Amino acid sequence: MRVALFLTCVNDTLYPDTGRAVVKLLTRLGVDVDFPSGQTCCGQAHYNTGYRHEAEPLARHFSDVFGAYEAIVTPSGSCGAMVRELYPRMGERARAEGRGDTLAATLAPVVPKTYELTEFLVDVLGVTDVGAYYPHKVTYHPTCHGLRGLGLGERPRRLLQAVKGLELAELPGADECCGFGGTFALKNPDVSAAMGADKVRNAESTGAEVLCAADNSCLMHIGGTMARLRTGMRPVHIAEILASTEEEPAV
Amino acid sequence: MSGTYLGMPAFPEAAREAVGNATLRGNLRHATHTIRAKRAKAVSEVSDWAELREAGKRIKDHTLRHLDRYLVQLEESVTAAGGVVHWAADADEANEIVTRLVKMTGEPEAVKVKSMATQEIGLNEALEAEGIRAYETDLAELIVQLGKDRPSHILVPAIHRNRGEIRDIFTREMSEWGRPAPEGLTDTPAELAETARLHLREKFLRARVGISGANFMVAETGTLVVVESEGNGRMCLTLPETLISVVGIEKIVPTWQDLEVFLQTLPRSSTAERMNPYTSTWTGTTDEDGPQNFHLVLLDNGRTDTLADEVGRQALRCIRCSACLNVCPVYERAGGHAYGSVYPGPIGAILSPQLRGTGSEIDASLPYASSLCGACYEVCPVAIDIPEVLVHLRERVVQGGEVTRAGNKVVLRPAKGHAAERAAMRAARWAFLHPGALRTGQRAASRTRRFHPRTLPGPGRAWSGTRELPPVPAEPFRDWWQRTRGGKDGDR
């Protein structure tokens, strides 16, 4: 199976390790991975900040780059939700504004074949034990767009539970937002920081060494808060845990 | 809406104070988490919750789509039952009507059932200006009124207060308004409740004018439906000679049968009760029983304008249960006052800027008072997609566009203060449409990584004030891919 990796602009620029982990993991599972180098951004930041008209060309660009692939896999719940949930909505709005079906028709092909990584593993490949080894105590934060936008449900937890050596600690208040929210973190810094601090305190209470999530944007906010509060905990993307093996353990 | 809230600073500044107030945060956290857990349990008891939610949404949408017809039907039903219907286009008109009606009775005071509509129009202040005293009789509203405060929650207006603060308010203020608090009042809930009960009972028995809102108005019979937990509402609806009800035009349901849905979803969503303790239904007037004069003031105040907006109109489905407030992580930290409106929390963030327009600083900031986590949509018993409306209103703020105000189509200009953001968004779009430019930028950032500051200037300061920045890696992913797997997939 040949799939396209949609890494997202944030991961590409700031978290290349996550991309390398996805490639390693999928290759190990027998998937042929491509990285279409024309990819940039899905337009989520524009859309969610109120710049829908600026987001539309980015969505079209996404469709141009990825449209020909059998499946598109992304290690980001929120960018995955942007394509699956909001691209159809952008099409509907364009139609409602009397701009015809063109945008909807352009975006339609990529919508059903875009998968968040854990979804792709469990639903498409049908695996929960990916042969990973990660001897650490880990707590899992289900990010909002993965949880409510895509409905990832128990998939990430099932994958983590199957990892050899991993001890999974339940995170109190797991389904509460960490306070990142894209530009929300900049527009409402005090509330965002208070939410982040509460998330970190809850994570600390589990005694885990690592807080794991399926979205590096949330991890950037949570990790930045952990570092400032000097907790000693580390934020790690779930792909890096699932890619880790006894032969090649992740740090 | 009430003038009390005008001149409010934008949400981020208003929230800053609340975030720094440890007592307030403690009170809010305790209250919202308690009711959140109880609500989840009450909802899980109902096997057909998803169907009820869908039914509520459909009934409301159907009614809103044919609102003109149902409003006329309601007026006919109320009139036939002996009531008088008044139409108010805005807050001033509604206040003028109610003030005139109270004056016609010759009474200097009125008792009030908790009502969002009368708060929205600032009725108490308008009556006060004409020398009429309006007494709030809901316990939490009483605490707010005595404390010369503002409500901070739709259902629990005094949620920001703890027991000690309430005891102090009763001891200090009750004598100004009627029966004083007893000597040595403690902060036990039973004592506080008894003190309020005795204070209020005098007012119920003396009052000749009652003022209420309504949770629902049934069009087919002209019936006013008030649901409440304390019995104060029933006192106000039963004892006075004159009843004046101020009701938003979106409160209509077509038939009695429609109540079946909402009388299940409303209490479970709001107070986590299987059924609310008091459900009062009044149809017009009956000789020698209950109020002999009934006036219904139907309030628009921005609702028709909101109805004209295809995306935003779903906010009018709201049944004011406040489940979205209790589950919202932003409300929990910022408190209700920061929203600068009688409608706080997620629903307030979409309702207020539609009812009032996005012209003021506070209204333009409300669509951003959310991290778009979606918890509000998940709990809403009439399935209002609050995140969708928030993003829609953000678009209105930053890009302007056509809206309906006071029944006329007007073209809004983008709100002030977004020029730099707009420029940044355009620049980002350009870079994202030119992968080569993005790559150049990434490489420049990687090469200069040793010189990156640990704190950011400008808007970025909001980030680096409380969080560490992630280090920029030595090599962006696409360069690694190119170096190790280069040319494998061509250059799409």
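**Where the two chains meet**

Guide: Let's start on one side: residues 138–222 of chain A are 47% helix and 12% strand, with 15 Å between the end C-alpha atoms. (Helices, H or I with at least four residues, and strands, E with at least two, are DSSP runs numbered from the N terminus.) Keep in mind that this is a predicted model: local features need pLDDT of at least 70 and side-chain atom pairs count only at pLDDT 80 or more, while totals for chains, interfaces and linings use all residues. As for bookkeeping, residues are numbered from 1 along each chain as its sequence is written, chains are lettered from A and ligands numbered from 1 in the order written, and side-chain values use heavy atoms, leaving out hydrogens and water.

That stretch is one of two that UniProt, in an unreviewed entry, lists as "domain: Cysteine-rich", along with residues 3–83 of chain A. UniProt positions follow the numbering used here, feature names are shortened, and annotations may be inferred rather than shown by experiment. Residues 3–83 of chain A are 58% helix and 12% strand, and their end C-alpha atoms sit 16 Å apart.

Chain B has a mean pLDDT of 93, with 97% of its residues at 70 or more; pLDDT is the predictor's confidence in each residue, from 0 to 100.

Now for the meeting place itself. Chain B brings 68 residues to the contact and chain A brings 69, where contact means heavy atoms within 4.5 Å. About 6,100 Å² is buried between the chains, 56% of it from carbon and sulfur atoms; that is the accessible area (1.4 Å probe) lost on putting the two parts together, summed over both.

On chain B's side, helix H20 (residues 419–433) gives the largest share of the residues touching chain A, eight of them. That side as a whole splits into 32 nonpolar, 13 polar and 23 charged residues.

Finally, a UniProt record (unreviewed) places "domain: Lactate utilization protein B C-terminal" at residues 393–483 of chain B. That span is 51% helix and 11% strand, and its end C-alpha atoms are 44 Å apart.

How values were computed
Nonpolar A, V, L, I, M, F, W, Y, C, P; charged D, E, K, R; others polar.
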